[in-house]
Amino acid sequence: EECVELPAELDQRSNGRSLINLRDQLVPFLRLRQMFATGTPPDPYQKVVVVSTGQQRFGLAVDQILGEHQTVIKAMSRLHSDVTAFSGATILGDGSVALILDVAHLATAEQAREPALRAAS
């Protein structure tokens, strides 16, 4: 839907809750860096890519936006059936492989996480 910059002060004082205010509407977002435990420091200018699936709207915090590409997506093999965060892969123009996130699965993960955050606060 859209992409907005994640204010550094919001990132530092989130206290486990990841919400961004977009036009007077609170939108939850997932920090992909934490979800995939990258172990590297975050980019100082992170972005939140706002997506929707069904009736749910949420964001994905990312370090960079590299551009927009039309791709052919190949489904994951049976060998990778337990990897639920990705729906497939594609080969980029330079020959490297890019994994495609399963947005519906991430939305389900966000829904499951929200009641636990409410109980903790």
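Residues are numbered from 1 along each chain as its sequence is written. As the model is predicted, local features need pLDDT of at least 70 and side-chain atom pairs count only at pLDDT 80 or more, while totals for chains, interfaces and linings use all residues, and side-chain values use heavy atoms, leaving out hydrogens and water.

Q: In what order do the 5 strands of the open sheet stand?
A: Strands here are DSSP runs (E, at least two residues; helices are H or I, at least four), numbered from the N terminus. Two of them pair if DSSP finds at least two bridges between them. The pairing in this open sheet is mixed, and the order is 1-4-5-3-2.

Q: How many bridges join strand 4 and strand 5?
A: These two form a hairpin with 2 residues between them, and Gly-54 in the turn has a positive phi of about 65°. Across the pair, Val-48 stands opposite Ala-61 in strand 5. The strands run in the antiparallel sense, and the bridge count is 7.

Q: Which residue of strand 5 does Leu-30 stand opposite?
A: Strand 3 (residues 25-31) and strand 5 run parallel, with 3 bridges joining them. In strand 5, the residue opposite Leu-30 is Leu-60.

Q: How many of the 7 residues of strand 5 are buried?
A: Buried means under 20% relative accessible area, exposed means over 50%, and partly exposed is in between (1.4 Å probe, protein chains only). Strand 5 is largely enclosed by the rest of the structure, because its buried count is 6.

Q: Are the rings of Phe-36 and Phe-86 stacked or edge-to-face?
A: Rings of Phe, Tyr and Trp (its six-membered ring) pair if their centres lie within 6.5 Å; planes under 30 degrees apart are stacked, over 60 edge-to-face, and the rest tilted. By this rule there is 1 aromatic pair. Its ring centres, in Phe-36 and Phe-86, are 5.5 Å apart with planes at 20°, so the pair is stacked.

Q: How far apart in sequence are the parts that the Phe-36 and Phe-86 pair ties together?
A: Phe-36 is partly exposed at 35% relative accessible area, while Phe-86 counts as buried at 18%. Phe-36 sits in the loop between helix 2 (32-35) and strand 4 (47-53), and Phe-86 in strand 7 (residues 86-91), so the parts tied together are apart by 50 residues.

Q: What is the phi of Arg-23?
A: Arg-23 lies in the loop between strand 2 and strand 3 and is exposed, with a relative accessible area of 64%. Its phi is positive, in a residue other than glycine, and is near 50°.

Q: What is the phi of Ala-37?
A: Ala-37 is found in the loop between helix 2 and strand 4, and at 61% relative accessible area it is exposed. Its phi is also a positive value in a residue other than glycine, near 45°.

Q: Which strand gives the most to the lining of the largest pocket?
A: A pocket is an open set of points on a 1 Å grid over the protein atoms alone, where a 1.4 Å probe fits, with protein on both sides within 12 Å along at least five of seven lines; lining residues have an atom within 4 Å of a point. Of the 28 lining residues, the closest to the centre are Val-62, Gln-64, Leu-66, Leu-99 and Leu-101. With 4 residues, the top contributor is strand 8.
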